[in-house]
Amino acid sequence: MPRIAEFEKVSFDQFNTAWKGIFLADDAEIKRIYENIKLPQRATSGSAGYDFFTPIAITLHSKENLLLPTGIRVKIEEGWFLGIMPKSGLGFKYRLQMDNTIGVIDSDYYYSDNEGHIFVKLTNDSNSDKVLELKEGASVCQGIFLPFGITYDDNATAKRNGGLGSTSKKE
């Protein structure tokens, strides 16, 4: 199999800024969370997906959602992207969904203003009032690397200059 990417943590400054924009936590707690971030990994040699892990314990009641900074970025070779998808078991048991269905992490996202920080927005869409509880470090979603092609007449030359949702914002 081709080796085409490498996961890294974003800088502490980037993580700290993102975390404080969503959660209430003091600097010592944010530092502890950051230091314990696990890089995505495959569970078995036959796994297609790289599991992303929760940096904190999560409780989501039915119909609740959560925007989660993962603290992760990924350097990907051109011609590939990372699709972020729900874990099938959590989707099956809790109807845990990602609010954008599948996140698309482009290879140039790594160079964005936010360091290519990957966020996931999750919703417990349970119809039976099931409460989703995940411990810190639990697998919450998965990323799968996929190749892509372009059209013969493609002439895109713009450069990304921002983070999440920035491909329409060109230099």
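Strand E1 (residues 5-9) pairs with strand E5 in the antiparallel sense, over 5 bridges. Keep in mind as you look that this is a predicted model. Within this pairing, Phe 7 sits opposite Val 74 in E5. Strand E5 covers residues 72-76, and it's mostly tucked away: 4 of its 5 residues are buried.

Glu 8 and Arg 73 meet in a salt bridge, at 3.6 Å from N to O. Glu 8 belongs to strand E1 and Arg 73 to strand E5, so this pair links distant parts of the chain, 65 residues apart. How covered are the two partners? Glu 8 counts as partly exposed, because its relative accessibility is 22%, whereas Arg 73 comes in at 14% and counts as buried. The cut-off here is that buried means under 20%.

Now for the open sheet. Its 4 strands come in the order E2-E11-E6-E8, with antiparallel pairing.

On to the helices. In helix H1 (residues 12-20), the buried residues are Gln 14, Phe 15, Asn 16, Ala 18 and Trp 19. They pack against helix H2 (27-35), strand E4 (65-69) and strand E9 (119-124).

The model has 8 salt bridges in total, and Glu 29, Arg 32 and Glu 136 are linked in a network of them. Here are three of the salt bridges:

| Pair | N to O distance |
|---|---|
| Glu 8 and Arg 73 | 3.6 Å |
| Arg 32 and Glu 29 | 3.1 Å |
| Arg 32 and Glu 136 | 3.1 Å |

Arg 32 and Glu 29 are both in helix H2, 3 residues apart, which is about one turn of the helix. In an α-helix, residues three or four places apart point the same way, because there are 3.6 residues a turn. Glu 136 lies in the loop between strand E10 (132-134) and strand E11 (139-147), so its pairing with Arg 32 of helix H2 ties together parts 104 residues apart in sequence. As for cover, Arg 32 is partly exposed at 30% relative accessible area. Glu 29 counts as partly exposed at 32%, and Glu 136 counts as partly exposed at 36%.

Methods
Residues are numbered from 1 along each chain as its sequence is written. This is a predicted model: local features need pLDDT of at least 70, side-chain atom pairs count only at pLDDT 80 or more; totals for chains, interfaces and linings use all residues. Side-chain values use heavy atoms; hydrogens and water are left out. Buried means under 20% relative accessible area, exposed over 50%, partly exposed in between (1.4 Å probe, protein chains only). Helices (H or I, at least four residues) and strands (E, at least two) are DSSP runs, numbered from the N terminus. Two strands pair if DSSP finds at least two bridges between them. Contact means heavy atoms within 4.5 Å. A salt bridge is a side-chain nitrogen of Lys or Arg within 4 Å of a carboxyl oxygen of Asp or Glu.
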